[in-house]
Amino acid sequence: MPRLIGPARAKELIFTARRIDAAMAFQMGIVNQVVEPAQVLPTAVSLAEEIGKNGPIAVRQAKFAVDAGLSMDLASGLVVERVAYERVISTKDRKEALMAFAEKRDPHFEGH
């Protein structure tokens, strides 16, 4: 929680056990968006589909870099980012992305 909203706000919420509503959670950066209850599943599916359009190897490495980098100093985090990129650069999916961009078409990733 401190990494999401800062230590002062996190301490306040934790020490007081204060409950907050969805709008406040959004305002504080605890959640990315707030939707009506009937829109929760369609919104989640839409987000998953948007992520799914990207190369699975690149998404996996981006997740790794963000998660690992959070617990490191900037210099170490940049090394992690470079390592993650190096894992993507030689993949067929990266080459497909470049070709699709040059050909002005949507890429078709296979996870290779």
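Here are some exercises on this predicted model, each with a worked solution.

Residues are numbered from 1 along each chain as its sequence is written. Because the model is predicted, local features need pLDDT of at least 70 and side-chain atom pairs count only at pLDDT 80 or more, while totals for chains, interfaces and linings use all residues; side-chain values use heavy atoms, without hydrogens and water.

**Exercise 1. Find out which residues glutamate 96 touches, and whether glutamate 96 is buried or exposed.**

Step 1: Start with the helix. Glutamate 96 lies in helix H7, residues 92-102. Helices here are DSSP runs of H or I with at least four residues, strands are runs of E with at least two, and both are numbered from the N terminus.

Step 2: Look at the accessibility. Glutamate 96 has a relative accessibility of 14%, so it counts as buried. The cut-offs are under 20% relative accessible area for buried, over 50% for exposed, and partly exposed in between, with a 1.4 Å probe and protein chains only.

Step 3: List the contacts, meaning heavy atoms within 4.5 Å. Leaving out residues up to four places away in sequence, glutamate 96 touches Arg105, Asp106, Pro107 and His108.

**Exercise 2. Follow the salt bridges: how many are there, and which residues form a network?**

Step 1: Begin with the rule. A salt bridge needs a side-chain nitrogen of Lys or Arg within 4 Å of a carboxyl oxygen of Asp or Glu. Searching the whole structure gives five salt bridges.

Step 2: Go to helix H5. Aspartate 67 and lysine 63 form a salt bridge, with 3.2 Å from N to O. These two residues are four apart in helix H5, so about one helical turn separates them. Aspartate 67 is partly exposed at 43%, whereas lysine 63 is exposed at 55%.

Step 3: Move on to helix H6, residues 74-89. Arginine 82 and glutamate 86 both lie in this helix, four residues apart, or about one turn. Their salt bridge has its closest N and O atoms 3.2 Å apart. Arginine 82 is partly exposed at 46%, and glutamate 86 is partly exposed at 43%.

Step 4: Glutamate 103 and arginine 105 form a salt bridge whose closest N and O atoms are 2.6 Å apart. Glutamate 103 is partly exposed at 48%, and arginine 105 is partly exposed at 29%. A network of salt bridges links Glu96, Glu103 and Arg105.

**Exercise 3. Look for rings: how many aromatic pairs does the structure hold, and which ring has the charged end of arginine 87 over it?**

Step 1: Count the pairs. The structure holds zero aromatic pairs. To pair, rings of Phe, Tyr and Trp (its six-membered ring) need centres within 6.5 Å; planes under 30 degrees apart are stacked, over 60 edge-to-face, and the rest tilted.

Step 2: Turn to the charge. The charged end of arginine 87 sits over the ring of phenylalanine 64, 4.9 Å from the ring's centre. The rule asks for NZ of Lys or CZ of Arg within 6 Å of the ring centre and within 35 degrees of the ring normal.

Step 3: Meet another partner of arginine 87. Glutamine 61, in helix H5 (residues 56-69), is in contact with Ala84, Arg87 and Val88, leaving aside its neighbours within four places in sequence. Glutamine 61 is buried, with a relative accessible area of 12%.

**Exercise 4. Describe isoleucine 20: which residues does it touch?**

Step 1: Isoleucine 20 is in the loop between H2 and H3, and is partly exposed at 32%.

Step 2: Name the contacts. Not counting residues up to four places away in sequence, isoleucine 20 touches Leu13, Ala25, Met28 and Ile30.

Step 3: Check a distance. The C-alpha atoms of isoleucine 20 and proline 37 are 17 Å apart, and the two residues are 17 apart along the chain.
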